[in-house]
Amino acid sequence: HRKLEEHAGRGIRSGDIIFSNCTSYVQLLYLSFRFSPVFTTLIREGDSVGYAKPRSLLGAIYDLISDTVPTKSETIPLKDIVQMAINENRGPVIVFPEATTSNGIEILKFIPCITTELLKSKPNFHVVSFKFENSAHSPAYTVGNPWIHFFFLLTQLNQTMKVHYATQSSINPPSTLVITDRHAIEFTELVSLTMGRLFQMHRALIGAKEKAEFLKFYHEKENIGYKKGV
């Protein structure tokens, strides 16, 4: 039995930005069916704040399960992706500020992606959170073999995916004539707080960078243990 609990999410148009937490490839299927959007994969570090790679559904799923990070040459500013979505009527733009998958219990630290240039372009912003319940094998995908995860997911008889959207009044961007870096930082904080409050999720002290470092350490230790066993 698969169940979807959805609240709001109407009136979203091409070129709007939807900020979402990132827990599973399952939510990408929902977002694709619901909005036919432009997915994005954020660049994680360096001087490319606010840059992302436009992705199709399949491309976004691949990036998610492989934890792929785009290079600078593969990315363009988010504001340009928004304009492309408007000009080509390609639906809203999906942004995952955590830039990696989480366990669905906490909100990870955001990758800096909201810039003054993005705020000055004045797109409509939306915030959505996903949460999975009533499942012995969680649809949340953080690490491991995606095919094994998908197989066990199919064996679950009861799964519920809850989707909550924030009200527009709760995520008003700055309306001042002069928008500074401080406004971008404050709005990023507002988006993070709002995303967590939709399901009373705590905000974690780690982010995509720390997760990648831990997984690298874990896999190195695993490989050493395997070689010793051989």
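This report covers confidence, strands, cores and selected residues of a predicted model.

## Basis and confidence

The model is predicted, so local features need pLDDT of at least 70 and side-chain atom pairs count only at pLDDT 80 or more, while totals for chains, interfaces and linings use all residues. Residues are numbered from 1 along each chain as its sequence is written, and side-chain values use heavy atoms, with hydrogens and water left out.

The predictor's confidence in each residue, pLDDT, runs from 0 to 100. The chain averages 83. A score of at least 70 is reached by 77% of the residues. Confidence is lowest in strand E1 (residues 2-7), with a mean of 56. It is highest in E6, at 97. Helices (H or I, at least four residues) and strands (E, at least two) are DSSP runs, numbered from the N terminus.

Strands count as paired if DSSP finds at least two bridges between them. E2 runs parallel to E6, joined by three bridges. Ile17 has Val93 as its bridge partner in E6. E2 also pairs with E8 in the parallel sense, over four bridges. There, Ile18 stands opposite His126. Ile17 and Phe19 point one way from E2, Ile18 and Ser20 the other way, and all are buried. Buried means under 20% relative accessible area, exposed over 50%, and partly exposed in between (1.4 Å probe, protein chains only).

E3 has five of its five residues buried, so the strand is largely enclosed by the rest of the structure. Val38, Thr40 and Leu42 point one way. Phe39 and Thr41 point the other way. Two bridges join E3 to E6 in parallel, with Val38 partnered by Val93. Four bridges join E3 to strand E4 (residues 51-55), and this pair runs antiparallel. Thr41 has Lys53 as its bridge partner in E4.

## Nonpolar cores

A nonpolar core is a set of buried Ala, Val, Leu, Ile, Met, Phe, Trp, Tyr and Cys residues joined through side-chain atoms within 4.5 Å. The largest one holds 33 residues. Ile17, Phe19, Leu78, Val95, Phe125, Val127 and Val191 touch the most other members. Elements that each supply at least two residues include strand E2 (17-20), strand E3 (38-42), helix H3 (78-87) and helix H6 (181-197). The largest share, five residues, comes from H3.

Val191 is in contact (heavy atoms within 4.5 Å) with Phe19, Phe110, Ile114 and Val127, leaving aside neighbours within four places in sequence.

## Two glutamates

Glu98 lies in the loop between E6 and E7. At 0% relative accessibility, Glu98 counts as buried. Its side chain reaches the backbone nitrogen of Cys22 at 2.8 Å. This is a polar contact: a pair of N or O atoms within 3.5 Å; within protein, one must be able to donate a hydrogen and the other to accept it, and residues adjacent in sequence count only if both atoms are side-chain atoms. Beyond four places in sequence, Glu98 is in contact with residues including Asn21, Cys22, Glu106, Phe110 and Ala208.

Glu74 sits in the loop between helix H2 (57-66) and strand E5 (76-77). Glu74 counts as partly exposed, at 37% relative accessibility. The side chain of Glu74 reaches the backbone nitrogen of Thr71 at 2.9 Å. Glu74 also touches Ala52 and Lys53, not counting residues up to four places away in sequence. Glu74 and Ala52 are 22 residues apart in sequence and 7.9 Å apart in space, C-alpha to C-alpha.

## Positive phi

Ala99 is not a glycine, yet has a positive phi of about 60°. Ala99 is in the loop between E6 and strand E7 (106-109). At 16% relative accessibility, Ala99 counts as buried.

Gln200 is not a glycine either, and has a positive phi of about 50°. Gln200 is found in the loop between H6 and strand E10 (202-207). At 67% relative accessibility, Gln200 counts as exposed.

## Cysteines

A search of the whole structure finds zero disulfides (cysteine sulfur pairs within 2.5 Å). Cys22 counts as buried, at 5% relative accessibility. Cys113 also counts as buried, at 1%.
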